[in-house]
Amino acid sequence: MSFNKALNDEEVYSEMNKMVAFIKQEALEKAREIKVKADEEFNIEKAKLVRQEAINIDAAFQRKVKQADVQRRIAQSNNINKSRMKLLLTRQEMLDKLFADARNKLMEVTKDTARYEKFLSDALVQAFFRLLETEVTVQLRKGDKATIEKLLPEVKRRYLEATKENINIVLLDEYLPTDSAGGVIVAGNGGRTKCNNTLEARLAILEEDMLPDVRNMLFGQSPNRKFFN
């Protein structure tokens with residue numbers, strides 16, 4: 001036997017309030033869950049952003065450090081190069097002065113008559129041996145013409161003894177410059193081949209040959225040099 005008792009207004013109102021309270025409670029719990037989840041996601045995303053920004057800042061800092069290091073190295077290299085260039089220029093000036101002084105003293109060679117005559121004799125014979133021509137011309141200083149004319153028989157004899165051939169020598173009227181220190185320029189093959197045995201030319205050869213030794217004497221051996229003759 002079933003008993004269905006109708007609810008009066010107060011009971012209905014009470015039940016409705018219970019339902020509303022239940023729904024409200026469910027809504028509040030759901031809202032809290034959503035908020036907690038949103039906070040967690042926000043904190044995770046914030047941590048990612050903070051970490052990425054920290055990485056970006058560190059990368060930017062490292063780039064600046066590298067740029068500063070590159071600039072420092074460039075400045076250091078420029079300063080070293082400038083100092084090295086200044087040193088090289090100073091050394092070259094010293095070498096130029098040394099060889100200029102040597103060139104200025106060439107004129108003193110001719111003051112020693114016996115020594116200068118021997119030089120002229122040897123310079124002529126050496127030039128003849130280099131050219132190996134039977135017909136040669138000799139360009140000389142005007143002031144040396146008489147001396148060389150006196151030496152010709154002897155140098156011809158020396159050449160003949162060494163080569164078994166005679167040599168015809170013509171002294172040119174086109175003299176060496178008046179400021180020449182002395183010596184001769186011997187030409188053969190119709191003037192197409194020449195041997196410059198002037199004092200200036202011999203000094204120039206000596207400068208080139210002795211330059212490494214002179215540098216070592218003045219400035220010491222280069223620390224960058226690995227091999228020595």
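Buried here means under 20% relative accessible area, exposed over 50%, and partly exposed in between, with a 1.4 Å probe and protein chains only. The model is predicted: local features need pLDDT of at least 70 and side-chain atom pairs count only at pLDDT 80 or more, while totals for chains, interfaces and linings use all residues. Residues are numbered from 1 along each chain as its sequence is written, and side-chain values use heavy atoms, with hydrogens and water left out.

**Sheet and helices**

Helices (H or I, at least four residues) and strands (E, at least two) are DSSP runs numbered from the N terminus. Strands pair if DSSP finds at least two bridges between them. An open sheet of 4 strands runs in the order S2-S1-S3-S4, with mixed pairing. S2 and S4 (193-198) stand at the edges with a single partner strand each, so one side of each has no neighbour in the sheet. S3 and S4 are antiparallel over 6 bridges; Val186 has Cys195 in S4 as its bridge partner.

H2 lies across S1, S2, S3 and S4, at about 20 degrees to S3. H3 packs on the sheet through S1, S2 and S3, and its direction makes about 175 degrees with that of S2. These angles run from 0 to 180 degrees between N-to-C directions, the axes being lines fitted to C-alpha atoms, for helices over the stretch in contact.

**Nonpolar core**

A nonpolar core is a set of buried Ala, Val, Leu, Ile, Met, Phe, Trp, Tyr and Cys residues joined through side-chain atoms within 4.5 Å. The largest has 28 residues; among those touching the most other members are Leu124, Phe128 and Val184. H2 (113-131), S1 (135-140), H3 (145-163), S2 (168-171), S3 (183-188) and H4 (199-219) each supply at least two residues, and H2 gives the most, with 9 residues.

Asp144, in the loop between S1 and H3, is buried at a relative accessible area of 4%. Its contacts (heavy atoms within 4.5 Å) include Tyr116, not counting residues up to four places away in sequence.

**Aromatic pairs**

Rings of Phe, Tyr and Trp (its six-membered ring) pair if their centres lie within 6.5 Å; planes under 30 degrees apart count as stacked, over 60 as edge-to-face and the rest as tilted. The whole structure has 3 aromatic pairs, including these:

| Pair | Centres | Planes | Type |
|---|---|---|---|
| Tyr116 and Phe119 | 6.3 Å | 20 degrees | stacked |
| Phe128 and Tyr159 | 6.0 Å | 85 degrees | edge-to-face |

Tyr116 and Phe119 are both buried and lie 3 residues apart in H2. Phe128 in H2 and Tyr159 in H3 are 31 residues apart, and both are buried.
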